[in-house]
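Biologist: I have a model open on my screen. Can you walk me through reading it?

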Amino acid sequence: MRVGLTGGIGSGKSTVAGLLGRAGAAIVDTDAISRALTLPGGAAMPAIAQAFGADFVGADGALDRDRMRALAFSDTGAKRRLEAILHPLITNEALAQADAARAPLVVFDVPLLVESGRWRSRVARVLVVDCSVETQVVRVLQRPGWTMERVQGALAAQTSRQARRAAADAVLLNDGISLAALEMEARSLAARWGCETIAAP
C-alpha cells in the first residue's frame with residue numbers, strides 16, 4: 001500500500017510520519033530528498049547555479065536556502081523555475097526509494113502533495129494531518145528563527161485547510177490530543193488499509 005501523507009506547516013505531519021515509521025512503515029521523506037539534492041555536490045546544484053547564478057550558491061557549494069526562500073516568496077516565476085529543476089529529481093528519487101522498500105506500507109511524506117497535483121495518481125490513499133490555523137501559528141512560532149511575518153508567508157504559500165481536507169481519504173486531527181492518542185489513530189488507519197502488522201502495538 002502506498003499512502004501520501006501531507007499537512008500544513010505546524011500540523012504535526014512529521015510527527016505522524018515518525019509514528020508510522022516507528023511502527024514499521026517505510027517513510028519516503030521528500031523534504032529530505034530535496035535537501036540532499038541541494039547540498040554540496042547535490043544533483044540539482046549545477047542546474048540551480050545555471051538558472052539563478054552564483055549568488056544563490058554558498059561558499060560550500062550548497063544552495064543558499066535563505067536567499068532562495070526570500071526570492072521564491074517574492075517572485076512566483078523564480079519559484080516555478082526552482083520547482084521545474086527540483087520536482088522531477090525529487091519524484092524520481094522518491095519512487096526509487098519506494099520501489100526498494102520491503103515494508104507493508106510505504107508513506108510518501110509530501111508537504112505540498114495537494115498543491116503539486118502530481119502525487120495523487122501515485123498513491124492509493126491520501127492522509128492529511130490537520131489542525132487549526134491558530135494552532136499552526138503557535139507551533140511554528142516556537143521554532144528558532146521564525147517570525148510572525150515568515151509564518152504568514154508560509155501559510156499563504158500553502159493551500160487552505162479546506163482544500164487539503166477535500167483531497168483526503170482520511171484526516172488525522174492533531175489539535176488538543178496527546179501523542180499517545182495520535183499514535184493510536186495512526187495505527188488504526190494503518191490497520192484499516194490492510195497493514196495489520198503495523199497496527200499491532
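Biologist: Which helix gives the most to the lining of the largest pocket?

Modeller: Helix 5 does, with 7 residues. Helices (H or I, at least four residues) and strands (E, at least two) are DSSP runs, numbered from the N terminus. This is a predicted model, where local features need pLDDT of at least 70 and side-chain atom pairs count only at pLDDT 80 or more, while totals for chains, interfaces and linings use all residues. Residues are numbered from 1 along each chain as its sequence is written, and side-chain values use heavy atoms, with hydrogens and water left out.

Biologist: What is the volume of the largest pocket, and how many residues line the largest pocket?

Modeller: A pocket is found on a 1 Å grid over the protein atoms alone, as an open set of points where a 1.4 Å probe fits, with protein on both sides within 12 Å along at least five of seven lines. Lining residues have an atom within 4 Å of a point. Points are joined across faces, edges and corners, and the volume is the space filled by probe spheres set on them. Here the volume is about 1,400 Å³. The lining has 41 residues, and Asp 31, Arg 69, Pro 111, Leu 112 and Gln 158 lie nearest the centre.

Biologist: Which kinds of residue make up the lining of the largest pocket?

Modeller: Ala, Val, Leu, Ile, Met, Phe, Trp, Tyr, Cys and Pro count as nonpolar, Asp, Glu, Lys and Arg as charged, and the others, Gly among them, as polar. The lining divides into 15 nonpolar, 13 polar and 13 charged.

Biologist: How many aromatic pairs does the structure hold?

Modeller: Rings of Phe, Tyr and Trp (its six-membered ring) pair if their centres lie within 6.5 Å; planes under 30 degrees apart are stacked, over 60 edge-to-face, the rest tilted. The structure holds 2 such pairs. Phe 108 and Trp 119 have ring centres 5.1 Å apart and planes at 45°, so this pair is tilted. Phe 108 is in strand 3 (residues 106–109) and Trp 119 in the loop between helix 6 (113–116) and strand 4 (125–130), so the pair ties together parts 11 residues apart in sequence.

Biologist: Are Phe 108 and Trp 119 buried or exposed?

Modeller: Buried means under 20% relative accessible area, exposed over 50%, partly exposed in between (1.4 Å probe, protein chains only). Both Phe 108 and Trp 119 are buried.

Biologist: Which charged end sits over the ring of Trp 119?

Modeller: The test is NZ of Lys or CZ of Arg within 6 Å of the ring centre and within 35 degrees of the ring normal. Arg 122 sits over Trp 119, 5.6 Å from the ring centre. Arg 150 lies over the face of Trp 146, at 3.8 Å.
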